[in-house]
Structures are given as C-alpha cells and as structure tokens.
Amino acid sequence: VQLVNDTASTVIGELASSGATGEVVGQLGGVLVMRNVDATETIQLGDEVLTAGIELPGGVRSPYPKGLLLGQVVDIVRDANAVVQTAYLQPAADLDKLAYVLLITDYEGGLPSADDLPIPCPDEEGEVLPPGEAPCYTPIPSGAASPSPSAP
C-alpha cells in the first residue's frame, strides 16, 4: 500500500469543476502538489480534485479508479510565461492519522500483460490475426509521428 502523500507516488488527478488534469504527487509535510495543469484551465481555491481514471488505447489503464477524492485546492501558482500551472492540495483525509483504509482488490488497472500488447498489423501477404487477438499497429519509419492503434 502506498499513500498518495508518499514522495514516490504519482496519481493523475482531475479537477471536479473543469475536468482539467495534472499529476498529483506527494511531498514532505502532507500537502499534495498537482503539477502540469494546462495554463489555459481555470483553477479556483476550494476546487475538489479526484482521481482521473484515464484509459488509453492498447489496454493501458490508470492504476486508480475514476472519481476517488484526493483533496481540495488550497493554493495556485501561475507563471504568465509558462504553459502549465501548479496547484497545492489539502488531502481529503489526515493521512498521518489513518485508522482504517479500504483496499480495492479487484480493479484491473495499469499496463496490460505482455500477451495483450498490440502486435504488428498483417503484412502485404494479408496474413490475418486469429480471432480474439489484440489490436495491431502499423510500424512507421523513425523520425515520423508515433503509430496509432488500428483494428486488424
């Protein structure tokens, strides 16, 4: 079990008011830092921050379910020349005095297993993937944009 205020912890948080996301990291002293929030997003003191529960193509999924309360914004740092801003959060619970915790044991987040990773699409001979196979991707030359998942 790793507490959200652990300095080695990173959780993608989402502002309840706007849906803006950022990395929520722990720091010494108990306050959480939500960094890399797009500078065009409005953050207000008192905004609640929840786990974002992001899901990406290829089976990549946040290790934390969507909607768990992380904390409330108590300070905001904006730099007029920066493309991101930082918010400081008061954790939703006093993490130094926890008496009970709830462990979610059946949530399947994180990276997919190696067997479920995307594989190259069929080649020019038209080899077809077996039914139920993972989505494929088309390799592209280095220096070009990254590939996007596609159906076989």
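Q: Does Leu103 count as buried, partly exposed or exposed, and what is its relative accessibility?
A: In this predicted model, Leu103 is found in the loop between strand S6 (84-91) and strand S7 (119-120). Exposed means over 50% relative accessible area. Leu103 therefore counts as exposed, with a relative accessibility of 52%.

Q: How much space lies in the largest pocket, and which residues are closest to its centre?
A: The largest pocket holds about 820 Å³ of space. It is lined by 24 residues. The closest to its centre are Gln2, Val4, Tyr64, Leu68 and Leu102.

Q: How many residues of each class are in the lining of the largest pocket?
A: Tyr counts as nonpolar here, along with residues such as Val and Leu. By class, the lining of the largest pocket has three polar, no charged and 21 nonpolar residues.

Q: How many helices and strands are there in the protein chain, and what percentage of its residues count as buried?
A: The protein chain has zero helices and eight strands, and along the sequence it reads β-β-β-β-β-β-β-β. Of its 152 residues, the share that count as buried is 26%.

Q: Which residue has a positive phi although it is not a glycine, and does it count as buried, partly exposed or exposed?
A: The residue is Asn36, with a phi of about 60°, and it lies in strand S3 (residues 32-38).

Conventions: Residues numbered from 1 in each chain as written. Predicted model: local features only at pLDDT ≥ 70, side-chain atom pairs only at ≥ 80, totals over all residues. Heavy atoms only, no water. 1 Å grid on protein atoms, 1.4 Å probe; cavity = no way out; pocket = protein on both sides within 12 Å on 5 of 7 lines; lining within 4 Å. Points joined across faces, edges and corners; volume = space filled by probe spheres on them. Helix = DSSP H or I, 4+ residues; strand = E, 2+ residues; numbered from the N terminus. Buried < 20%, exposed > 50% of the residue type's maximum accessible area, 1.4 Å probe, protein only.
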